[in-house]
Amino acid sequence: MKDEDPDPAEQPTGIDAAQAALNRMRAAAANRGEIRLAPGRRPPDKTKSKRRSFLDIKDSGRDPLGLGNVVNRLISERGWSSPVAVGSVMAQWNTLVGPDISAHCQPESFTGTALQVRCDSTSWATQLRLLSSSLLARFDAELGTGVVTKIQVLAPAAPNWRKGYRTVKGRGPRDTYG
């Protein structure tokens, strides 16, 4: 006997081959116990649960997040909460203390939890020393407790009388501001 090629009319066409593959996949799924539902039908719920709102769904880490959420997560993961709070004291000084105080007193530096503030006159330095307890309470409410624990009020800078290249060493004459 001779090896005979099957009749080309009996071979499945491209569409029939795809349908045959689909039928084989459906049969394998049925053997595994999977149920095929018509489009638009949902599987029957064994337990009826309430619909969850959008805000109740927990973050799986795969959904896209807003920029603010990403930055907040980065700050908390890296432990940058206190440096960011310090930066917010410097950046939001005008809104934290009000326009009157911010016009005459500016923050200079931050050491640990102590904020150094320079005032433009001694009267404003005295006023800021008197208001320091209420300002610390406002900082705790706005920024969180423990960010600023002490306000060091610095006196206004005295004028420098040294001008030019040639100066006299030492303290100079004592008749000015002395």
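A residue is called buried when its relative accessible area is under 20%, exposed when the area is over 50%, and partly exposed in between, using a 1.4 Å probe and protein chains only. By this rule Phe139 is buried, with a relative accessible area of 1%.

The structure is a predicted model, in which local features need pLDDT of at least 70 and side-chain atom pairs count only at pLDDT 80 or more, while totals for chains, interfaces and linings use all residues. Residues are numbered from 1 along each chain as its sequence is written, and side-chain values use heavy atoms, with hydrogens and water left out.

Helices (H or I, at least four residues) and strands (E, at least two) are DSSP runs, numbered from the N terminus. Helix H6 covers residues 122-143. Its buried residues are Ala125, Leu128, Leu135, Leu136, Phe139 and Leu143. In general, an α-helix has 3.6 residues a turn, so residues three or four places apart point the same way. H6 has a kink of about 55° centred on Ser132; the bend at a residue is the angle between axes fitted to the seven residues ending there and the seven starting there. After H6 comes Gly144, with a positive phi near 115°.

Rings of Phe, Tyr and Trp (its six-membered ring) pair if their centres lie within 6.5 Å; planes under 30 degrees apart are stacked, over 60 edge-to-face, and the rest tilted. The whole structure holds 1 aromatic pair. The ring centres of Trp93 and Phe139 are 6.3 Å apart and the planes stand at 45°, so the pair is tilted. Trp93 lies in helix H4 (residues 93-97) and Phe139 in H6, 46 residues apart.

**The strands and the salt bridge**

Two strands pair if DSSP finds at least two bridges between them. Strand E2 (residues 114-119) pairs with E3 in the parallel sense over 5 bridges. From E2 the chain passes through H6 to E3 in a right-handed β-α-β crossover, meaning that, with the strands pointing away from the viewer, the path from the first strand over the helix to the second runs clockwise.

A salt bridge is a side-chain nitrogen of Lys or Arg within 4 Å of a carboxyl oxygen of Asp or Glu. Arg118 forms one with Glu108, the closest N and O atoms being 2.7 Å apart. Arg118 belongs to E2 and Glu108 to strand E1 (residues 105-111).

The table gives the accessibility of residues in the two pairs.

| Residue | Relative accessible area | Class |
|---|---|---|
| Trp93 | 2% | buried |
| Phe139 | 1% | buried |
| Arg118 | 28% | partly exposed |
| Glu108 | 45% | partly exposed |
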